[in-house]
Each structure stands twice: as C-alpha cells, then as structure tokens.
Amino acid sequence: IRLIVFFEKNRLLFGTSSTIILVILTVIGLSLEYLNSCGTNVKLWLCGTTLRALLCTLIKLYAEGICCSYSNTDRDVSLYIKLIEMLDVFGMVWFCIGNLLVFNATNCSSSIPICFYTSLIYICLVYIVVFVNVTIRFSLTARPPIESEVTVGRQEGVQRREVIADWKQWLADRHCYETNYTDSCIKNNDKETYQSCPVCLSDFTNESDIENGLVVSFPCHARHMFHSVCLISWLTTSQTRGPPTCPCCRETAIRDSEATR
C-alpha cells in the first residue's frame, strides 16, 4: 500500500525520469547504429515510442504548471487531458505493433544491440508494471479485512459520530436551527443571492426544510445559511485547528453576548 501511495504521489517524477533515460538510450542507439540496415522497423518503432513518451511528458509538465498557476481555466486543463488521452490510445496501439516487430527481429540483436535491447527492456517493463499494478490492486480488494482494521474502522466511525453530535449541539446552543428564511437569505434586497447553499450550490427548496432542521445558519454577523449536512461536514473536516469559521465569509463565530444585541 505504501509503495502504491508513494508511486502515485511521484508519478510525474518517475515518468519524467524514465522518459529522460529512454531519450538518452534512443539517441545513443540511433547515432551508433543508424547505418546498419538490419532491424530498421525496430529502430523506427523505438524512435516513435520515444517521441510519444517525450511529448506526453512535456504535456503533463506543462499541464501541471497550468494547474498550479492562478490564471488557469478548466478549458485549458481539459484540452491537455484530451491530448494525453489521445497519446495513451496511440501508445497502446503502438505497443502492440512493437511486440510484433521486436520479437520477430531477434536475429538483429547482435547488429543493433542498443536499439534492440532498449526496445525489449521497454516492452518487458511495461508488462511488469501492468502485472504488478493489477495484482496488488486485486489483492487489496479481494482479501478480507484484518481484525485490527475492522476495530480501527469501528473506532473511527464512533469518533466521527461523536464529533458530528458535538457540532450539532454547538449549533443548537447558538440557535442556528432557529433560522428565519427571509431575514437570513436576503441581503441588500437581492432575493437570488442566498437562496442556495454556498457549500454544495444547491437551492434551498422550501421553508419546510428550515422547520425540519435541514437548513441552518452559521453564527456569524451575516448569519449565512447552509444545508445542515454541508455545514456539519465543513466543521468536522476543516475546523480541526482554531475556532470555527463560516465557510462563506470565514468569520469566526460571534459570542452569545454579541448575538443577542
């Protein structure tokens, strides 16, 4: 599990490193063995594989830079995702072609050793990575849970229920369930502004949701309204340190003395 997590976190680093190694071996092999007529198809396949890997890595690095910048748009990111998917589809087809070319060119292994063995090792590594990945993930999903894991899961479930109950009581003590839809949802006479939950962006259906406790207000000065499930989820996951804050304005909860003014 730790190996999978480590690989997933550093996928781009491993991909970039393997691409650099592949580019170096391909350049060396083609430079030294380009005059040899044996295994021309293998050399062409290796060249195409290297170009695809290099292009895919450059797109991923550029897309990673776009995602980290503040000026990125979903359209830009989706464009690069589509390009990577197209290259992956091409790579699967090209990989199947490479199996036929490389395993039928074993007689050229002594004539073009660098290109041949680079292609062969690349194909074998792809099979190994796919096999190990599928085996580990299948074993994790197929094995029964260990007793310690079940116990830990139960303890975490009990602790989470206790935390949720504490936050519900915290909201009830501050009269957050006693919400007036007209006063809380309308701001500056703009009725459309606060008719939806700022967390999930879903509309408040009707006043019966408020009466049934499905909609609550946060004890800030603006008394922003949320679905109770959304607000409690925000409080349990985000408010682990420091005083609780409003998801909308990030204002801390006002004191009871200020709330009664």
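Of the 261 residues in the protein chain, 30% count as buried, where buried means under 20% relative accessible area, exposed means over 50%, and partly exposed lies in between (1.4 Å probe, protein chains only). This is a predicted model, in which local features need pLDDT of at least 70 and side-chain atom pairs count only at pLDDT 80 or more, while totals for chains, interfaces and linings use all residues. Residues are numbered from 1 along each chain as its sequence is written, and side-chain values use heavy atoms, with hydrogens and water left out.

The protein chain contains 10 helices and two strands. These elements are DSSP runs numbered from the N terminus: helices are H or I with at least four residues, and strands are E with at least two. Read from the N terminus, the order is α-α-α-α-α-α-α-α-β-β-α-α.

Next come the contacts, meaning heavy atoms within 4.5 Å. Among contacts between residues at least 6 apart in sequence, 65% join residues at least 24 apart.

The accessible surface of the protein chain is about 17400 Å², and carbon and sulfur atoms account for 62% of that surface. Such areas come from the Shrake-Rupley method with a 1.4 Å probe; for residues, only the protein chains shown count as cover.

The structure has one salt bridge, that is, a side-chain nitrogen of Lys or Arg within 4 Å of a carboxyl oxygen of Asp or Glu. R52 and D88 form this bridge, with their closest N and O atoms 3.9 Å apart. Because R52 lies in helix α3 (residues 40-68) and D88 in helix α4 (residues 74-103), the pair ties together parts that are 36 residues apart in sequence. R52 counts as buried at 16% relative accessibility, whereas D88 is partly exposed at 35% relative accessible area.
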